[in-house]
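I opened the notebook to record what I looked up, one topic at a time. The sequence and the model come first.

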Amino acid sequence: MAEKNTPIIVWFRKDLRLADNRALSAAKDHGGPIIPVYIREENAPASGALGGAQEWWLHHSLEVLSSALEKAGSRLILCSGKAETVLKSLLEETGAGAIFWNRRYDPQGMATDSHLKKKFRDDGFEVESFAGHLLHEPSKLKTKSGGPYRVYTPFWRAFEGGQEPDEPVSAPKKLPSPFRWPKSEELKSWKLLPTKPNWAKDFSEVWTPGEDGAKDKLETFIEDALKGYEEGRDFPAKPATSMLSPHLTMGEISPAQVWDATRGLSRSIASHDLSRFRKEIVWREFCYHLLFHFPELDEKNWNDSFDVFEWQTDNAGFKAWTKGMTGYPIVDAGMRQLWKHGVMHNRVRMITASFLIKHLLIDWRKGEKWFRDTLVDADPASNAANWQWVAGSGADASPFFRIFNPILQGEKFDPDGDYVKTFVPELAKLEKKFIHKPFDAPKDVLQKAGIELGKTYPKPLVDHNAARQRALATYSDIKKGE
């Protein structure tokens, strides 16, 4: 154990908060000076931002965390480089005797942490890790046969039947400071914010990164949207989802805090709404469970029979998809929402992913990488698991032959076209009957709406029925080989 008055380094990663931060609380209880550190690790994107959109978020989140630490009488030290080199230098410069951190569960992060824990313990330092990014430890929740869960429903039942998640701990009001602070880099020198062009200029319309922003999102959701959540969550034009995913991803709020906020609500919230929301929290847990047991989830098919699937090389189609120019309004609205706000409604994520994979026959991995770079809530487990789920190659996946019809999906979940009109403004004057199928609208209807297909709005990249038949034929080839 480190001496009581010896400084402790608290290494922040995907836990950019003061409340319910077990590593920080343990350091505070220890009694010695605390040195909060964030390391921009070399070649380790899973420890920070996964892509460009998340770099914007990380910049603002670190600003908020730094301010919160200063109010508590502390400060955030920023360093960049290889984690081992940075930590060794900090230990020497500060005379710290211990390093505390909260565990991470991406493969690269776990490998790094395992190495660092052994290395610094062997060198005589105290190194402790704590839970917090998940409600469960992926190594501990197992089936009766002792293996990992591969299907969500029994995973949910095991989780629900297990020990209730711990109550969150409060944020420390004051943190003891060292006699002398180590050097810190300036956040602006990391150049995380886009400038020319500033493609993130509209992100702040929707997002307020940081711990306070996370708390506000949670409170607003419980007050305004949890009631009716089970049904409302499927309609992208409604403010019916929690919008907590980027806050959870960056650790500005813990899943334990979210879970705790839903305790005792059964009198005012219908059980099916409460259960549905909690199942969404636990789906995130399931994704990490899969990643823990299948570390190559973002690169390899969970179901290896898909390894022989004949994907198409369609660069023009992929580019049109990324720009929201496929000719299918619900798909295009989703892709443009993604570019404008760094987020996409969950129902529309499934529709857009299905279109790329099944209408265009483009490898799910290309879509996964695009989402990773453009989503503010990009997550190494959820992103990979959800793309494989849509592709049919993942654990407990939607069957490949279940191919979303983007017209019917739009008509069902955006019946008035409000979502489409918001993000595809060139269709705003088109009458409701044709808002999800402008290619079927008579000439005079298009003219009245100021639309010229192929010029002001694209014609469909593919015919839905023809694309569906092509996808099923391609899928049948791999079924023959099973």
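Is aspartate 113 buried or exposed? I found it buried, because its relative accessibility is 6% (buried means under 20% relative accessible area, exposed over 50%, partly exposed in between, with a 1.4 Å probe and protein chains only).

A note on the source. This is a predicted model, in which local features need pLDDT of at least 70, side-chain atom pairs count only at pLDDT 80 or more, and totals for chains, interfaces and linings use all residues. Residues are numbered from 1 along each chain as its sequence is written, and side-chain values use heavy atoms, with hydrogens and water left out.

Entry: aspartate 113. I placed aspartate 113 in helix H4, residues 107-122 (helices are DSSP runs of H or I with at least four residues, strands are runs of E with at least two, and both are numbered from the N terminus). Leaving aside neighbours within four places in sequence, aspartate 113 is in contact with Trp11, Arg13, Trp101 and Arg104 (contact means heavy atoms within 4.5 Å). I also looked up leucine 218: it is 105 residues from aspartate 113 in sequence and 31 Å from it in space, C-alpha to C-alpha.

Entry: Most residues other than glycine have a negative phi, and most peptide bonds are trans. Aspartate 20 is not a glycine, yet its phi is positive, about 50°. I found aspartate 20 in the loop between strand S1 (8-12) and helix H1 (22-30). Aspartate 20 counts as buried because its relative accessibility is 2%. Lysine 191, also not a glycine, has a positive phi of about 55°. Lysine 191 sits in the loop between H5 and H6, and its 69% relative accessibility makes it exposed. Proline 197 is placed in the loop between H5 and helix H6 (211-224). The peptide bond joining lysine 196 and proline 197 is cis, with omega about 0°.

Entry: H5 and H10. How do the axes of helix H5 and helix H10 cross? The axes of H5 (residues 152-160) and H10 (residues 271-293) come within 10 Å and cross at roughly 110° (axes are lines fitted to C-alpha atoms, for helices over the stretch in contact, and angles run from 0 to 180 degrees between N-to-C directions). That makes H5 roughly perpendicular to H10 (65 to 115 degrees; under 35 is roughly parallel, over 145 roughly antiparallel, and the rest oblique). From H5, Tyr152, Phe155, Trp156 and Phe159 meet residues of H10, including Arg278, Trp283 and Phe286. By class, this contact of H5 with H10 has 7 nonpolar, 2 polar and 3 charged residues (Ala, Val, Leu, Ile, Met, Phe, Trp, Tyr, Cys and Pro count as nonpolar, Asp, Glu, Lys and Arg as charged, and the others, Gly among them, as polar).

Entry: H14. In helix H14 (residues 364-374), I listed the buried residues, among them Trp364, Gly367 and Phe371. The buried residues of H14 pack against several helices, including H2 (52-71) and H15 (382-391).

Entry: cavities. How many cavities of 30 Å³ or more does the structure hold? I noted 4 (on a 1 Å grid over the protein atoms alone, a cavity is a set of points where a 1.4 Å probe fits but cannot get out; lining residues have an atom within 4 Å of a point). The largest cavity has a volume of about 130 Å³ (the space filled by probe spheres set on the points, with grid points joined across faces, edges and corners). Its lining has 14 residues, and Lys14, Arg103, Arg104, Tyr105 and His133 lie nearest its centre.

Definitions and conventions: On a 1 Å grid over the protein atoms alone, a cavity is a set of points where a 1.4 Å probe fits but cannot get out, and a pocket is an open set with protein on both sides within 12 Å along at least five of seven lines; lining residues have an atom within 4 Å of a point.
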